[in-house]
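Please read it beside the model.

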Amino acid sequence: MRSVKEQEEELFPSTPGKVKIERAHGINRQFHRCFASTSTMFLWALFLITLTASYLSFQSFVSTSSRFLSSSAWDRQIRESAAPVRSQGLSVLVTGAAGFVGSHCSLALRKRGDGVVGLDNFNSYYDPSLKRARQALLSRSSIFVVDGDLNDRRLLSKLFSLAPFSHVLHLAAQAGVRYAVENPSSYVHSNIAGLVALLEAARSADPQPAVIWASSSSVYGLNDKSPFSESDRTDRPASLYAATKKAGEAITHTYNHIYGLSITGLRFFTVYGPMGRPDMAYFSFTKAILAGKPITIYRGKNRADLARDFTYIDDIVRGCIASLDTAGESTGTGGKKSGPAPYRIFNLGNTSPVTVPTLVSILEKHLRLKAKKKLVEMPGNGDVPFTHANISLAMAELGYKPTTNLETGLKKFVKWYLSYYGHSRGRKTNL
Ligand SMILES: NC(=O)c1ccc[n+]([C@@H]2O[C@H](COP(=O)([O-])OP(=O)(O)OC[C@H]3O[C@@H](n4cnc5c(N)ncnc54)[C@H](O)[C@@H]3O)[C@@H](O)[C@H]2O)c1
């Protein structure tokens with residue numbers, strides 16, 4: 001029989017190294033036990049997180065679906081909004097309907113008795129409350145605007161299954177040239193992936209709609225031949241925005257070629273007017289002048305003033321509607337083309353470029369205030385020195401004829417701005 005001392009020796013031997021090893025083994029065992037239970041806990045935690053995430057995504061799927069896939073009230077709103085109220089009227093899906101050009105076009109189409117359903121994701125590229133205000137205005141004309149993204153393919157196919165749209169007026173996009181430096185992926189999301197999702201839905205729809213969509217004057221990029229004609233080079237974009245619009249022209253051509261979609265691409269030249277875009281110079285200058293803040297005016301090489309072919313919104317709306325009215329039919333069914341369909345591209349501009357300092361002096365006159373100007377050399381972030389549209393093709397084929405000069409157009413814009421934001425700068429009054 002071993003003495004207590006021997007037993008103690010065995011448990012706690014006198015050799016220091018041994019003690020360390022034995023103790024270390026004990027600690028190790030404890031550590032392993034502890035680690036085993038920690039890893040079990042970790043696995044459980046992971047399992048619970050996965051379960052919660054699946055539940056939440058299922059919930060969001062159910063709520064998204066129920067928002068538009070299982071509500072008969074929602075279906076009815078789409079059908080009613082899409083139905084024309086005049087004989088031979090069009091039924092148009094307007095993407096970007098809560099945007100500047102989209103809201104104006106939707107109202108004009110509705111006014112003449114066409115059916116209009118809007119689609120917009122109300123993103124916060126600029127103040128979404130302005131988009132909501134436009135939506136409220138459309139709603140007063142019985143135009144339903146669906147709150148959804150172009151990339152939501154289920155939503156798009158649901159819309160096409162509910163309403164036999166004769167036309168799509170595709171205006172949704174990530175606009176703006178300089179923002180691409182900050183958020184390039186938003187251009188890919190809306191202008192490339194979103195465009196393809198829309199074209200996929202349109203080519204599968206029965207009937208296939210004619211697609212009229214907004215390209216941009218920015219596709220002319222570094223072209224220095226003036227005025228810009230549709231046949232000029234467009235392979236030297238100066239910004240990612242321009243590159244995505246150029247890509248859009250190639251992508252729409254493919255859908256025209258393979259699936260027989262009727263395509264009309266419209267190259268808008270600097271559109272301005274009431275309910276316009278806060279990110280554009282005429283809008284932000286107005287805000288700054290009223291607030292007594294300085295405005296930055298860019299200059300090109302050798303201090304040359306920048307110039308734009310500013311085009312009033314009502315002229316653009318007439319160009320869009322003429323494009324809808326003259327678009328030939330798509331020729332595909334069930335995703336297969338049965339013959340060639342039209343593929344058209346038009347400039348929609350004003351044909352009289354105005355320099356930015358002249359724009360500022362017109363604003364000063366209408367606002368009855370002097371601007372504090374800061375002249376700065378144009379940074380190389382996507383802007384081009386001038387734009388100038390040749391519109392002979394649109395004149396010949398669409399009967400397009402701009403009628404509003406910058407002086408008159410800015411007067412209307414300033415009137416709207418003052419009534420919308422009120423004199424206390426930033427406070428909104430009703431539209
Ligand atoms: N205003 C101009 O000077 C001008 C010039 C050339 C081309 N364009 C083009 O004309 C079209 C209309 O421009 P705008 O000035 O009305 O711009 P806008 O930003 O006011 O309108 C675009 C609308 O599209 C929506 N949108 C963006 N991405 C979307 C997505 N993935 N899904 C659903 N909705 C989405 C936005 O919320 C916005 O309301 C755009 O395609 C633009 O690139 C405009």
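1. In what follows, Ala, Val, Leu, Ile, Met, Phe, Trp, Tyr, Cys and Pro count as nonpolar, Asp, Glu, Lys and Arg as charged, and the others, Gly among them, as polar. On that basis the shell around the ligand has 13 nonpolar, 10 polar and four charged residues. The model is predicted: local features need pLDDT of at least 70, side-chain atom pairs count only at pLDDT 80 or more, and totals for chains, interfaces and linings use all residues. Residues are numbered from 1 along each chain as its sequence is written.

2. The ligand is surrounded by 27 residues, the closest being Gly96, Gly99, Phe100, Ala173 and Ala214 (a residue is near a molecule if its C-beta atom, placed from the backbone, lies within 6 Å of it). Two or more shell residues come from each of α4 (100-111), β2 (115-120) and α8 (184-204); α4 gives the largest share, three residues. Helices (H or I, at least four residues) and strands (E, at least two) are DSSP runs, numbered from the N terminus.

3. Helix α11 (residues 313-326) is largely enclosed by the rest of the structure, because 10 of its 14 residues are buried (20 or more other C-beta atoms within 10 Å of its own; exposed, 12 or fewer; partly exposed, in between; C-beta atoms are placed from the backbone). Among the buried residues are Asp315 and Arg318.

4. Cis peptide bonds join Asp206 to Pro207, with omega about 5°, and Ser226 to Pro227, with omega about -5°. Pro207 lies in the loop between α8 and β5 (210-214).

5. Gln88, not a glycine, has a positive phi of about 65° and is exposed, with 8 other C-beta atoms within 10 Å.
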